[in-house]
Amino acid sequence: MLRWVILLTFIGICAGAAEQKRKTVKPNPLSKGWGDEINWVQSYGEGLSKAVRSQKPLMVIHHKDECPYSQALKKAFVANDTIQKMAKDEFVMINLVEEAMDKNLAPDGYYVPRILFVDPSLTVRADITGRYSNRHYAYAPEDIALRE
């Protein structure tokens with residue numbers, strides 16, 4: 001009887017481990033750490049094209065790997081399940097370390113982190129801004145709570 005209990009326990013542990021292994025998300029190189037479950041586009045042009053086809057807005061995240069403000073925003077962005085789900089379901093997403101050639105993506109300068117939204121008609125939304133008067137498209141980790 002004890003053997004059967006041990007055997008069933010072992011099978012249950014193995015089945016649980018196999019289920020856990022299936023749930024593991026593979027790292028997405030396009031995410032650059034901003035969320036591996038999000039479908040990121042590779043280029044700004046691809047993002048514009050996909051925004052038109054899907055009729056979803058494009059969210060463009062400008063950041064730098066060595067920037068502590070970018071890193072802090074990334075950490076908050078990834079930790080917030082609501083933001084991750086919204087990014088996955090409601091937007092075409094791109095994050096850029098290098099600047100895009102479109103000068104419309106820097107309406108008030110080339111600072112990071114900077115998040116802009118481009119609607120499906122390919123218009124940069126100047127009405128969606130952060131709380132800073134000198135950097136309209138800058139966001140800080142604490143701003144995520146304000147947007148929920």
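**Strand 3**

I looked up strand 3 (residues 114-118) first, and found it mostly covered, with five of its five residues buried. I take strands as DSSP runs of E of at least two residues and helices as runs of H or I of at least four, numbered from the N terminus. Buried stands for under 20% relative accessible area, exposed for over 50% and partly exposed for the range in between, with a 1.4 Å probe and protein chains only. Arg114, Leu116 and Val118 point one way from the strand, Ile115 and Phe117 the other way, and all are buried.

I note that this is a predicted model, in which local features need pLDDT of at least 70 and side-chain atom pairs count only at pLDDT 80 or more, while totals for chains, interfaces and linings use all residues. Residues are numbered from 1 along each chain as its sequence is written, and side-chain values use heavy atoms, with hydrogens and water left out.

**Strand pairing**

I checked how the strands pair; two strands count as paired if DSSP finds at least two bridges between them. Strand 1 (residues 58-62) and strand 3 run antiparallel and are joined by five bridges. Valine 60 has leucine 116 as its bridge partner in strand 3. Strand 1 and strand 2 run parallel, also with five bridges, and methionine 59 stands opposite methionine 93 in strand 2.

I then looked at the cover of strand 2 and found five of its five residues buried. Val92, Ile94 and Leu96 lie on one side, Met93 and Asn95 on the other.

**Cores**

I looked up the nonpolar cores, that is, sets of buried Ala, Val, Leu, Ile, Met, Phe, Trp, Tyr and Cys residues joined through side-chain atoms within 4.5 Å. The largest has 18 residues, and Tyr44, Leu58, Val60, Ile94, Leu105 and Val118 touch the most other members. Helix 2 (44-54), strand 1, strand 2 (92-96) and strand 3 each give two or more residues to this core. Apart from it lies another core of 16 residues, among them Ile38, Met59, Met93 and Tyr139. In soluble globular proteins, nonpolar side chains tend to be buried together.

I listed the contacts of valine 60 (heavy atoms within 4.5 Å). Not counting residues up to four places away in sequence, valine 60 touches Tyr44, Ile94, Leu96, Leu105, Arg114, Ile115, Leu116 and Val118.

**Aromatic pairs**

I found two aromatic pairs. The rule takes rings of Phe, Tyr and Trp (its six-membered ring) with centres within 6.5 Å; planes under 30 degrees apart are stacked, over 60 edge-to-face and the rest tilted. Tryptophan 34 and phenylalanine 77 are edge-to-face, at 5.3 Å centre to centre and 70 degrees between the planes. Tryptophan 34 sits in the loop between helix 1 (2-23) and helix 2, and phenylalanine 77 in helix 3, 43 residues apart. Both tryptophan 34 and phenylalanine 77 are buried.

The other pair is phenylalanine 91 with phenylalanine 117: the centres are 5.7 Å apart and the planes at 45 degrees, so I logged it as tilted. Phenylalanine 91 lies in the loop between helix 4 and strand 2 and phenylalanine 117 in strand 3, so this pair ties together parts 26 residues apart in sequence. I noted both phenylalanine 91 and phenylalanine 117 as buried.

**Tyrosine 132 and aspartate 143**

I turned to tyrosine 132, which lies in the loop between strand 3 and helix 5. The charged end of arginine 135 sits over its ring, 4.9 Å from the centre; the rule asks for NZ of Lys or CZ of Arg within 6 Å of the ring centre and within 35 degrees of the ring normal. The side chain of tyrosine 132 also makes a polar contact with the side chain of arginine 131, at 3.1 Å. A polar contact is a pair of N or O atoms within 3.5 Å; within protein, one must be able to donate a hydrogen and the other to accept it, and residues adjacent in sequence count only if both atoms are side-chain atoms.

Aspartate 143 is in helix 5 (residues 143-147) and is buried, at 4% relative accessibility. Its side chain reaches the backbone nitrogen of alanine 140 at 2.7 Å. Leaving aside neighbours within four places in sequence, aspartate 143 is in contact with Arg131, Tyr132 and Ala138.

**Asparagine 80**

I placed asparagine 80 in the loop between helix 3 (68-79) and helix 4 (81-90). Asparagine 80 is buried, with a relative accessible area of 13%, and its side chain reaches the backbone nitrogen of isoleucine 83 at 2.9 Å.
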